[in-house]
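Dear colleague,

Please find below the structure we discussed, together with its sequence. My notes on it follow.

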Amino acid sequence: MITADSQRSPGEVCDHFGVDDATLTNPSARLRSIAGAALLVEFAQSRGMAAPAILRGTAIHEALLHDPRAEITYAQELVLLRNIVTGTDDEPGLGLMAGLMCHPPSLGVLGFAMMSSPTVRHAAEVALRYGDMWFTFAPHRLEEHGDMFRVVRDDSVLPPDLRRFALERDVAAISTIQQDIMSMRLPILAVHVTVAAHPIYEMFATLLGVEAIEFDARQTVLIGKRATLDLPLPSGNLATSRFYEQQCVDLIQRRRSRDGISSRVRELLVRRGGIADQSHIAADLDLSVRTLRRRLADEGTTYRELSSETIGMLAEELLTAGLTVEHVAGRLGYSSTSAFTSAFRAWKGQSPGHFARTHRGRVSTEV
């Protein structure tokens, strides 16, 4: 359990914020709260996108967006994010507006644990410790060196075409949540971001309370005075924070116990090239088909949804790698190229040929 007087030696690095160790090795399978996706859908709808287009290929049912207990995978949320980035023409600054919709209550018990933390340091360490309950798409870490601290972001887990929107959204969300918790801006001395300069990014400076931002940096970094971490929070109450932290622990343990079967089914499907009868997967897991169905239902998914999701991601991967549409259709077990093309249009809203021409040569991290 974290205590209010927790201290770190100079140069020590806190855990990842937004992604845990398991996510770094297998991000696609990680379970996430539906809340972040629901906010993204709400934002996209405000930009004129319809729900079917936003949710295309995600295997997320619209009704699920209104269930606060629902969970989806990181891979599903990336598909959702790509739909939004494509559907809104990926204009600079749109991610910032999406991030402004994020507030502590949207984080559930983690938000309340942070709000009741006695100091900024405690709130940051709570966020770091329970990072897989956050909305962020990329990992962040907190470094302390001498009298300075640095929040460093790693975009390498994200496909290149999603990095700008995700960066904008995450920075705006972190800043908005921080201001809600402190009722003031956290003093930041300098900000480096990986994106190119654009007039809309004056909003970055306003959000973070800095006069200037370094663009086209090697990595995104926020820098401030270490003493800032010891500032008290207005709603600080250590006993209350510990209560909500325990709820975070309980939720994560339940989530990880549920993550097992879905993750293993995906791994087996990938190993079999997406082509596998449910009975064969159940046998590989030493389960009956009925038990497999029940356990997947407990995790809010079905074998059909997992199979469709996996085949869709494998199709993207193979097309990106340079295989022809005909070869991908055969590789994934389709009876004809036209059948595969129809299925791909349903997933992505475009033909596989167009997708291949647009994405060929890119490195994907979705599978």
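Arg295 counts as partly exposed because its relative accessibility is 32%. In these notes, buried means under 20% relative accessible area, exposed over 50%, and partly exposed in between (1.4 Å probe, protein chains only). Arg295 sits in helix H12, and together with Arg264, Arg290 and Arg294 it forms a positive surface patch. Helix H12 (residues 289-298) gives the largest share of that patch, three residues. Patches are made of residues with over 30% relative accessible area and no salt bridge, with like charges joined within 9 Å and nonpolar side chains (Val, Leu, Ile, Met, Phe, Trp, Tyr) within 5 Å. Lys and Arg count as positive and Asp and Glu as negative, while His and the chain ends are not counted; the place of a charge is taken as NZ of Lys, CZ of Arg, CG of Asp or CD of Glu.

Please note that this is a predicted model, in which local features need pLDDT of at least 70 and side-chain atom pairs count only at pLDDT 80 or more, whereas totals for chains, interfaces and linings use all residues. Residues are numbered from 1 along each chain as its sequence is written, and side-chain values use heavy atoms, with hydrogens and water left out.

Overall composition

The protein has 16 helices and eight strands; helices (H or I, at least four residues) and strands (E, at least two) are DSSP runs, numbered from the N terminus. Of its 367 residues, 51% count as buried. The protein exposes about 16,000 Å², of which carbon and sulfur atoms supply 53%; accessible areas come from the Shrake-Rupley method with a 1.4 Å probe, and for residues only the protein chains shown count as cover.

Salt bridges

Side chains of opposite charge can pair when their charged atoms come close. A salt bridge here is a side-chain nitrogen of Lys or Arg within 4 Å of a carboxyl oxygen of Asp or Glu, and the count by this rule comes to 11.

Arg121 pairs with Asp230, the closest N and O atoms being 3.3 Å apart. Arg121 lies in helix H7 (residues 120-129) and Asp230 in the loop between S8 and helix H10 (238-271), so this bridge ties together parts that are 109 residues apart in sequence. Arg121 is buried, at 4% relative accessibility, whereas Asp230 is partly exposed, at 43%. Both belong to a network of salt bridges that also includes Glu144 and Arg226.

Asp170 and Arg153 meet in a salt bridge of 2.9 Å, N to O. This pair links distant parts of the chain, with Asp170 in helix H8 and Arg153 in strand S5 (residues 148-153), 17 residues apart. Asp170 is buried at 1% relative accessibility, and Arg153 is buried at 3%.

Loops

Thr194 is located in the loop between strand S6 (190-192) and helix H9 (202-208). Leaving aside neighbours within four places in sequence, Thr194 is in contact (heavy atoms within 4.5 Å) with several residues, among them Asp155, Leu167 and Asp216. Asp216 itself lies in the loop between strand S7 (213-214) and strand S8 (221-225). Although not a glycine, Asp216 has a positive phi of about 55°, and Asp216 is exposed at 55% relative accessibility. Asp286, in the loop between helix H11 (278-284) and H12, is also a residue other than glycine with a positive phi, near 60°.

Yours sincerely
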